[in-house]
Each structure stands twice: as C-alpha cells, then as structure tokens.
Amino acid sequence: MPTCGITYEFEFWSFSYQGYGNDTIFTDDQPLDWIDRLHLTTYPEDQRKLKFWPEIPTGFRETLHEYTMKLKMMKDQLFMGMARSLDLEDNCFQEMCGENSIMETRFNMYPPCPRLDKVIGNRPHTDGSVITLLLPDKNVEGLQFLKDGNWYKAPIIPDTILVTVGDVLQIMSNGVYKSPVHRVVTNREKERISVTTFCFPHADQVIQPVNGLVSETTPRLYLYKTIKNYAEIYFKYFHQGGRANESVLI
Ligand SMILES: O=C(O)CCC(=O)C(=O)O
Ligand SMILES: [Fe+2]
C-alpha cells in the first residue's frame with residue numbers, strides 16, 4: 001500500500017471513516033493493531049470521497065467500482081436467501097437497512113513481525129456490519145475464528161469470498177444468525193493482504209429484531225437502536241475487547 005500523507009476523516013457517530021491510516025486511536029494506553037489500511041466508502045456512489053481513491057495503479061478506481069457493484073448484487077441475494085431461510089418476507093432485511101444502505105471497503109496490509117508475542121494484526125472482535133464480504137490473501141493465512149474457547153484457522157480457498165455475519169444481522173435475526181469473534185494473527189516473515197467489505201444500514205436506520213422472529217416463544221432479545229447509537233456503543237466495546245451486542249440485550 002503506498003505511503004501517503006492523508007489520514008482518516010472520522011465521524012465518531014457512525015461507522016464511517018475514510019482514508020489511509022492504521023488503528024484509530026481513542027485512548028493513550030490503547031494497544032494498536034499491527035496493520036496499515038485504506039478505508040473507503042464505496043456505495044452509494046454519492047458517499048464516495050474520491051480524494052482518498054488512489055489513481056495508481058491505473059484502473060484501481062474502475063476495478064473497485066466494478067467489484068462494488070458485483071458485491072452489491074451478491075449482498076442483495078444473500079439478504080434474500082437468509083430471509084427465506086427463516087421463513088420471512090424476502091425483503092425484510094433489505095428494508096431494515098434502508099434505501100441508502102452503505103458499503104465500505106477496507107484494504108488491509110499486515111506487515112510481518114518476528115515478535116509475535118508483542119503484536120496482533122487485528123485484535124479479537126466481531127464486525128459491526130450486517131454482513132462482511134472478505135477477499136482473503138491467496139497465500140498467507142492469519143484469519144482465525146473463536147468457537148467454544150478455541151481459535152480455528154480460516155482455510156485459504158482461492159478466489160472465494162468469505163461471508164461473515166456481523167452484529168447487526170445478529171440483532172435483526174433476534175440471535176438466530178450469530179456474529180463470530182475473529183482475529184488476524186501476524187506472520188513472522190510474510191506480509192498479508194486482504195480486502196474487507198462491510199455492509200451497513202444507513203446511519204439513521206433503526207435496527208431491531210424483525211417482527212417475524214419475535215413471538216411468545218421467542219421473545220425479543222435486543223433493544224432497538226439507530227445505527228448511530230449502535231456505532232457509538234460498538235466502538236466503546238471494540239477498544240475494550242468486549243462485545244457491543246451484549247450491552248443491547250434486553
Ligand atoms: O484480514 C482479514 O482476513 C480479516 C479482517 C477483519 O476481520 C476486518 O477487517 O474486520
Ligand atoms: Fe472483522
């Protein structure tokens with residue numbers, strides 16, 4: 001990733017920040033992830049800040065545009081498929097995300113480091129998205145998921161988009177779909193590159209369990225929140241290594 005003087009433009013009240021940088025710093029004593037990244041809002045098109053979109057390599061902007069439009073189609077299909085899998089109206093997740101739902105793409109570069117006892121590429125976290133679409137490095141492992149207290153490696157399957165459930169889908173599905181805790185461990189010798197695309201509702205949307213999943217036998221688990229409210233809670237917990245979803249449980 002090219003070094004560049006531009007740093008993040010960060011809006012604390014939403015998930016939205018754009019630009020080059022590494023970890024966002026909230027407190028002086030916070031450990032920092034061992035990572036460099038470029039974070040861009042890619043959809044809707046009027047939310048793009050093109051000053052952060054590199055012109056080199058040639059074709060980057062066109063390729064990212066094309067990639068975004070394909071991922072958007074994939075996301076729409078996934079939302080519909082997940083709704084059907086729960087016997088819900090096809091468009092219930094789409095509707096809760098709103099017409100101006102957001103996609104953000106983050107290019108991650110994890111430098112190698114011999115002191116694995118001192119650094120972590122991406123600390124344990126859940127994603128604050130509805131879903132996350134990940135293009136992992138083709139050669140270098142690093143992503144791990146936590147299950148029953150053990151870390152499991154995500155296998156490298158070339159040219160595959162890995163879909164992760166985010167906190168917002170856990171809330172909307174009243175806990176049926178669960179957002180997994182994951183992390184990226186640093187490699188001793190090789191750098192690792194990945195591209196993550198987060199799908200979010202618009203900042204003003206209210207998120208809550210969809211009606212069809214709340215009943216006397218399956219009571220509502222989560223309070224309703226706007227995405228703005230939820231983003232504030234998410235970042236507070238993210239930096240303390242906690243899970244935001246637990247604080248919006250009823
Ligand atoms: O780099 C990866 O494989 C995953 C990155 C990740 O978890 C994230 O960006 O939220
Ligand atoms: Fe993540």
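Modeller: Cys-113 counts as buried because its relative accessible area is 7%, where buried means under 20% relative accessible area, exposed over 50% and partly exposed in between, with a 1.4 Å probe and protein chains only. The structure holds zero disulfides, a disulfide being a pair of cysteine sulfur atoms within 2.5 Å. Cys-199 accordingly is in no disulfide, and the nearest cysteine sulfur, that of Cys-97, is 8.3 Å away. Cys-199 is itself buried, at 1% relative accessibility.

Some conventions come before the site itself. This is a predicted model in which local features need pLDDT of at least 70 and side-chain atom pairs count only at pLDDT 80 or more, while totals for chains, interfaces and linings use all residues; side-chain values use heavy atoms, with hydrogens and water left out. Residues are numbered from 1 along each chain as its sequence is written, and chains are lettered from A and ligands numbered from 1 in the order in which they are written.

Because Asp-127 lies in the loop between strand S5 (122–125) and strand S6 (131–135), whereas His-182 is in strand S10 (residues 182–184), the pair ties together parts that are 55 residues apart in sequence. The helices (H or I, at least four residues) and strands (E, at least two) are DSSP runs, numbered from the N terminus. Asp-127 and His-182 are both buried.

Ligand 1 is surrounded by 14 residues, of which the closest are Tyr-110, His-125, His-182, Arg-192 and Ser-194; here a residue is near a molecule or strand if one of its heavy atoms lies within 4 Å of it. His-182 also has a polar side-chain atom 3.1 Å from an oxygen atom of ligand 1. For Arg-106, a polar side-chain atom lies 3.2 Å from an oxygen atom of this ligand, and for Ser-194 an N or O atom in the side chain is 2.6 Å from an oxygen atom of ligand 1.

UniProt, in an unreviewed entry, places the feature "domain: Fe2OG dioxygenase" at residues 101–201. The end C-alpha atoms of residues 101–201 lie 4 Å apart, and the span is 6% helix and 43% strand.

Leaving aside neighbours within four places in sequence, Lys-72 is in contact (heavy atoms within 4.5 Å) with Tyr-43 and Met-103. Tyr-43 is joined to Pro-44 by a cis peptide bond, with omega about 0°, and Pro-44 is found in the loop between strand S3 (36–43) and H1. A cis peptide bond with omega of about 0° also joins Ile-56 and Pro-57, and Pro-57 lies in the loop between S3 and H1.

Note on methods. UniProt positions renumbered as here; feature names shortened; annotations may be inferred. Polar contact = N/O pair within 3.5 Å; in protein donor to acceptor, adjacent residues only side chain to side chain.
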